[in-house]
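Have the chains in view and follow along.

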Amino acid sequence: MPHRTFLAFILPSILAMLLFIATPIVSFAVQSLYIEHDKILVVSETCQPLGGCVKETRVDSEATAKLRHDHPLGKFNGFGIYQDHNHLAFADIGNIFAGNFGFYETVARIYDLPFYRALVFTLTYALTVTPLAMCLGFVIALAVNAVPKLLKGPVIFFSLLPMVVTPLIGSLVVYWMINADGILGAALQHITHNPNLSLKASPTMTWITLICYGVWINAPFSFIVFYSGLQTVPSDTMESAMIDGASRLQRVRFVVLPTLMPLAVFVTLVQLMDNFRVLEPIIGFNAAANATSLSYSIYTALNNQSAQMFSSAAATSVLTITGVIILLTPVLIKTAREFGFRT
Amino acid sequence: MKFTLKALLLLGAVSLASTAALADCGIASGSVRILSNDFEALKIVAAAAEECASATVKITKNQTAEHKNLQVPALTSNPAEYTVAMVANNSVVPLLSGGLIRPLDDLVAKYGKDLEPNQLIKIDGKTMAIAFMANSQHLFYRKDLLDKAGIAPPKSYEDVLAAAKTLQEKGVIKYPLGAADKAGWDLAAEFVNMYLGYGGEFFEPSSAKLAINNEKGKATLATMLALTKFMSPDYLTYGADELNKDYQGGKIAISNNWGSLAGAAVDAKVATADVVANTVFAGAPTVGGGTTPAAALWWDGFSIAKNISDEDAAASFQAMMHGIAPDIATKNPKAATWLIKGYTPGPTAVGVIQTAAAGAKPYPMVPYMGLLHTALSTGLADYIKGSQDADKAMAGVEAAYNAAAKEGGFLK
């Protein structure tokens, strides 16, 4: 294809990406460098029903509005937000290392910092759910491929169900099922003969629950991609493998897997990105006490009871994007190399 | 064809006539746009305000739990997206800080004949909001279970703990207690309640500097943790609504929950017969030998946007006065603890009224309280599940608050 035709072909997508992806990223990257203006506070008398009158501090709205009008972005703060306690917490980490607490205590103290706690769960979730969901999806795809033609339609439909359910609704349904009185929770208590067993109380159990849920809801995507890939496996290669006496397992190992490898790379990319921004299960399972994620930090910064903390949310977003880039780099390098070999 | 046209015209005339009949609010013209939270009492008020709609008065409403996130941007635009913002102690603060709501004194003088003096929320002598209902967390308990174990009605959290121990030892109920300890907003509200009960101050006088890292703060945490020992192991996932479901199902003997959920707790349609027959509502308990109930007082009310025409403001105020007219309270006595004139509190309002009468403190209206609430909501989870000591939890909350307050421009 001549370069000009290629350019004309791809230009609309590039424009759309600039407008809807690049511009917002630039916008919040800039926002993360600013914090709110110093508030001008005045003391005033507040009278409420039942509570009586008290002297309380209040923001002088006119003076603050003028400041905001003159400098709408806020007060320049450089990378201050990135370094504060709620983000990378350099000062806290410095103190922890200066304290010489020994390995276990040092790790525990770093884990107590909100950003690192969120990061650990996010990474654990992305790095376990992605491979597990892909394996499960692949196994389902192989199984469905072997089902007689007549049954294929309904089986595919049921295998896709978890993907049809909105993640938040799915997690709410499972949340009530694993409740101590729910069908799964009660069954587990019965099986283990432990009436106090709770899937929601301990961090380990919560993490396992969230990861199982993640695998359940993500497997259908891998399944449908791999299933369509299976239809492209060349039948003559398959037949010659059979004639050579390859077992079913050997055929999967030496014929199917190499054919599906490019698809697997694609699914890994998409799923890693998807799982790195895990949010809905944490909300649906009310699991914030035991597991928080980077997206959850952004959510709480924007969704608290009074002011929305845009700078905080912007900084966490930039850090999340950095995380995604770091995570995807190995896969991207691999793809780029393969592409280079082929041309 | 002709027939249908006629029928349509007739229908139109009838509907016009019927809305005209409803519009006895005395509003000449204007546009009323209501933004509010989404619970029963507010739905009743908004529906009543909507009755004022007529050919010249257009009334719309948006009732959503996301109202706190919508209100500031919506009222900042000029003209404002909404003319009425239904608010509470906490959600009125950003509107005040932004200078987005107007003083209501002239409207009160003109149209507010049904208002009681204690409904007016005054800032520096100017009425900025009109309250119509009060709310607080208070005791819901099962008299039959307490009688079975021979326990007197609890008055303090020490009584509650003793009662829980007896109930468990005598095998009356497996998990006697319940509280809305869900990590997040609920957990922070529990801390605020208990800390007020200990007589604590959240901030140093007229400054945004945090003052909770003290003996009272630690006592608050210790009591909260002691209570969890008698709760279902899933307590950290229970918000107020989940808690009320367990209470309705008869799984809790003593719970501390919102007055606005009291009606639902004993609703015969969802609650078991034992719960309906034997539930007693009482004021929030005291704690640590103090006399102040360990519960913050809340009010719900409405404000009128600044960036709208005076005509719309007057129309909005009049429609809302119709929405909180005395007969609304008498017709819906169970929906809320109304502050409306002529309301006689019913059995489900006793808890809030006792809490208020015993001198409970209102939820602080200072502009940085929201930041503290957020810091508490994430910082206390580890402590309440028993995996962190109180000193570390307090230090964590303090560090998170300081960072947020710096970002918000409250601390240097």
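Q: Where is Pro79(B) found?
A: This is a predicted model, and in it Pro79(B) sits in the loop between α3 and β3 (84–88) of chain B.

Q: What makes the peptide bond from Asn78(B) to Pro79(B) cis?
A: Its omega is near 0°. For background, most peptide bonds are trans.

Q: Why is Ala89(A) called buried?
A: Ala89(A) has 22 other C-beta atoms within 10 Å, and the label needs 20 or more, so Ala89(A) is buried. This residue lies in the loop between α3 (80–83) and α4 (90–98) of chain A, and has a positive phi of about 50° although it is not a glycine.

Q: Why does Asp124(B) count as partly exposed?
A: Asp124(B) has 13 C-beta neighbours inside 10 Å. Exposed requires 12 or fewer and buried 20 or more, so Asp124(B) falls in between and counts as partly exposed. You will find Asp124(B) in the loop between β4 and β5 of chain B, again with a positive phi of about 50° without being a glycine.

Q: How do you know that strand β2 (residues 41–48) of chain A and β4(B) pair?
A: They share two bridges in the antiparallel sense, and pairing takes at least two, so the two strands pair. Within β4(B), Lys122(B) is the bridge partner of Cys47(A).

Technical notes. Residues are numbered from 1 along each chain as its sequence is written. Chains are lettered from A and ligands numbered from 1 in the order in which they are written. This is a predicted model: local features need pLDDT of at least 70, side-chain atom pairs count only at pLDDT 80 or more; totals for chains, interfaces and linings use all residues. Helices (H or I, at least four residues) and strands (E, at least two) are DSSP runs, numbered from the N terminus.
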